[in-house]
Amino acid sequence: MAQAEAQDHGLHGHAAPVQAGAHAQGQQHPIKLYLVVWGWLFILSACSYAVDYFALQGLLRWSLILIFMMLKAGLIVAVFMHMAWERLALAYAIIVPPLVILVFVAIMVIESRYTEITRVLSFGAG
Amino acid sequence: MAETSLGHVDHTAPRPPGLRGFVADWSSDQRAFKGVSWGKAMMWIFLLSDTFIFGCFLLSYMTARMSTVVPWPNPSEVFALHLFGQDIPLILIAIMTFVLISSSGTMAMAVNFGYRQDRKKTAILMLLTAALGATFVGMQAFEWTKLISEGVRPWENPWGAAQFGSTFFMITGFHGTHVTIGVIFLLIVARKVWRGDYETGARGFFTSRRGQYESVEIMGLYWHFVDLVWVFIFAFFYLW
């Protein structure tokens, strides 16, 4: 595998053999990095739990939930899954498509509002 | 080793016209993700497809919750536990979250020790990850049992909108299945690490390719994804 990759790089001249060798060693980061991220994930989870524990309501609750969720997801993907050190071609191919789900969300929000109105009109207050 | 046997096509060579050129373009040895092994790229693409599956589940949950005229049960109360003489909201789910995050932490460290060729630490950390994953599934089984005994069914529940049960069982059930499969594969890969398969280059049972420590990282990608999905389920289903 590693040999094949080294040959591949060598043939196309994209990377020097030294770099290909470094890749064969895989991702090397200090253990401390993982412990720090682990700690942050604990803090962020505790924060999102606190949102529920102190029964925050309305816009404050929803925005805090979303902020903590995105921070946690970002840390997991970037550090634990090593996306921060992958090539941009891979990162974009994996991260951009899920964003299209937001379009689907918008469509379904319109659809469910319509359904709700029809239910209220047809069955009274429910 | 398929890459070497396929040989290398000159990428600048002109393609045959028409349909043959189209087929040649799609079948020839071209790579978009340079420096990424096929195994890792395929795992990422699988995870992308899984993202859409869970995305659709959460979307259907959103649609059901937004369109119902019956009040939605309050998850904070539904998932409360009576501990130390008082009701603590959502406590079981919070513990499950911490368990799963810890398993992600041990998995990340297992990948790291794998690349350092530290066989023993890698295997122990992977077994620890599997144990935490099994704990998570066990707590989920407890949660299901509690809710079912309280009368939650996919078609009804005592507190409000009927869709609560169906979305709950579908989303957490599918996630729990992912965790269970992850635990099984963790045990398989941990055994291979322990035996030193990735150092002697023993051939795998399925693809008969020679294993290497990248398999631990690919296994880790799947495991972190399971944790990632839980982040979204926790936010949208339990906290919202």
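# Briefing on a predicted two-chain helical model

Helix 6 of chain A is followed by A:G124, whose phi is positive, near 70°. The model is predicted: local features need pLDDT of at least 70, side-chain atom pairs count only at pLDDT 80 or more, and totals for chains, interfaces and linings use all residues. Residues are numbered from 1 along each chain as its sequence is written, while chains are lettered from A and ligands numbered from 1 in the order in which they are written. Helices and strands are DSSP runs numbered from the N terminus (helices H or I, at least four residues; strands E, at least two).

**Chain A overall**

- Chain A contains 6 helices and 0 strands, and its pattern along the sequence reads α-α-α-α-α-α.
- Of the 126 residues in chain A, 16% are buried; a residue is buried if 20 or more other C-beta atoms lie within 10 Å of its own, exposed if 12 or fewer, and partly exposed in between, with C-beta atoms placed from the backbone.
- Among the contacts in chain A with a separation of 6 or more, 41% join residues 24 or more positions apart; two residues are in contact if their C-beta atoms, placed from the backbone, lie within 7 Å.

**Helix 6 of chain A**

- Helix 6 of chain A (residues 101–123) has 23 residues, which at 1.5 Å a residue should span 33 Å, and its end C-alpha atoms are 32 Å apart, which agrees; the expected span is 1.5 Å times one less than the number of residues.
- The number of buried residues in this helix is 0, so helix 6 of chain A lies largely in the open.
- A:L121 belongs to helix 6 of chain A, and it counts as exposed because it has 8 C-beta neighbours inside 10 Å.
- The C-alpha atoms of A:L121 and A:M83 are separated by 49 Å, although the two residues are 38 residues apart along the chain.

**Helix 3 of chain A**

- After helix 3 of chain A comes A:A55, with a positive phi near 50°.

**Where the two chains meet**

- In total, 48 residues of chain B are in contact with 52 residues of chain A.
- On the chain B side, helix 1 (2–6), helix 3, helix 5 and helix 9 each supply at least two residues.
- That side has 28 nonpolar, 15 polar and 5 charged residues; Ala, Val, Leu, Ile, Met, Phe, Trp, Tyr, Cys and Pro count as nonpolar, Asp, Glu, Lys and Arg as charged, and the others, Gly among them, as polar.

**Helix 4 of chain A against helix 9 of chain B**

- The axes of these two helices come within 10 Å and cross at roughly 180°; axes are lines fitted to C-alpha atoms, for helices over the stretch in contact, and angles run from 0 to 180 degrees between N-to-C directions.
- Helix 4 of chain A and helix 9 of chain B are therefore roughly antiparallel; angles under 35 degrees count as roughly parallel, over 145 as roughly antiparallel, 65 to 115 as roughly perpendicular and the rest as oblique.
- The residues of chain A in this contact include A:I65, A:M69 and A:F80, and those of chain B include B:H224, B:D227 and B:L239.
- By class, the contact comprises 11 nonpolar, 1 polar and 2 charged residues.

**Helix 5 of chain A against helix 3 of chain B**

- The axes of helix 5 (residues 88–99) of chain A and helix 3 of chain B come within 10 Å and cross at roughly 10°, which makes the two helices roughly parallel.
- A:L90, A:I94, A:P97 and A:P98 meet B:A41, B:W44, B:L48, B:T51 and B:G55 here.
- B:G55, in helix 3 (residues 38–67) of chain B, counts as partly exposed with 18 C-beta neighbours inside 10 Å.

**The largest nonpolar core**

- This core has 67 residues, of which B:A110, B:M126, B:L186, B:V229 and B:F234 touch the most other members; a nonpolar core is a set of buried Ala, Val, Leu, Ile, Met, Phe, Trp, Tyr and Cys residues joined through C-beta atoms within 7 Å.
- Helix 9 of chain B gives the most to this core, with 17 residues.
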